[in-house]
Amino acid sequence: MLAARKILLVVSGSVAAYKALELTRLLRKQGAEVMPVLTAGGARFVTKEALAGISGSRVHDDLWAAEAEIGHIRLARWPDLVVVAPASANLLARMAHGVADDLATTVLLATHAPILAAPAMNPAMWAHPATAANVAA
């Protein structure tokens, strides 16, 4: 049985983003509540409507809209676990360097919940020393 009951799912810009839909379905099947956060890059691969339909939750994608309704701090405090799937090279770099320039990175910087990142990128990008350094950070 799944230990984390409330999972914040960050979907970033990678061709593997379509797998976030299946991951959401499987997590829900295990009894988890899944709240998606979709980056601008992630939205190029999956739609808010698809994520909302499968998760049964509103998809958060705008830092300023989130401030008006739920706020990035409330999003950061809500989960038992944050899953970043897929974690693109760009998002891994922003996470490693504490960049908080959109809703996803702001929430990632503010949360105290464990963060599980599932890297997904071209093999050359994964093998690059900069990516290795960002993952190690």
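Modeller: In this predicted model, helices α5 and α8 pack with their axes 8 Å apart, at an angle of about 50°. The crossing in which α5 passes α8 is left-handed. On the side of α5, the contact is made by A89, L92, A93 and A96, and on the side of α8 by T131, N134 and V135. Sorted by class, this contact has 5 nonpolar and 2 polar residues, and no charged ones.

An α-helix has 3.6 residues a turn, so residues three or four places apart point the same way.

Helix α5 itself spans residues 89-96, and its buried residues are A89, L91, L92 and R94. Helix α8 (129-136) is one of several elements that cover these buried residues. The cover also includes the strands β1 (6-11), β3 (81-87) and β4 (115-119), together with the helices α6 (103-110) and α7 (123-127).

Apart from its neighbours within four places in sequence, A96 is in contact with N134 and A137. A137 is 41 residues from A96 in sequence, yet the C-alpha atoms of the two are 5.6 Å apart in space.

Finally, α5 is followed by G98, which has a positive phi, near 70°.

Definitions and conventions:
Residues are numbered from 1 along each chain as its sequence is written. This is a predicted model: local features need pLDDT of at least 70, side-chain atom pairs count only at pLDDT 80 or more; totals for chains, interfaces and linings use all residues. Side-chain values use heavy atoms; hydrogens and water are left out. Buried means under 20% relative accessible area, exposed over 50%, partly exposed in between (1.4 Å probe, protein chains only). Helices (H or I, at least four residues) and strands (E, at least two) are DSSP runs, numbered from the N terminus. Contact means heavy atoms within 4.5 Å. Axes are lines fitted to C-alpha atoms, for helices over the stretch in contact, and angles run from 0 to 180 degrees between N-to-C directions. A crossing is left-handed if the near helix is turned anticlockwise from the far one by less than a right angle, and right-handed if clockwise. Ala, Val, Leu, Ile, Met, Phe, Trp, Tyr, Cys and Pro count as nonpolar, Asp, Glu, Lys and Arg as charged, and the others, Gly among them, as polar.
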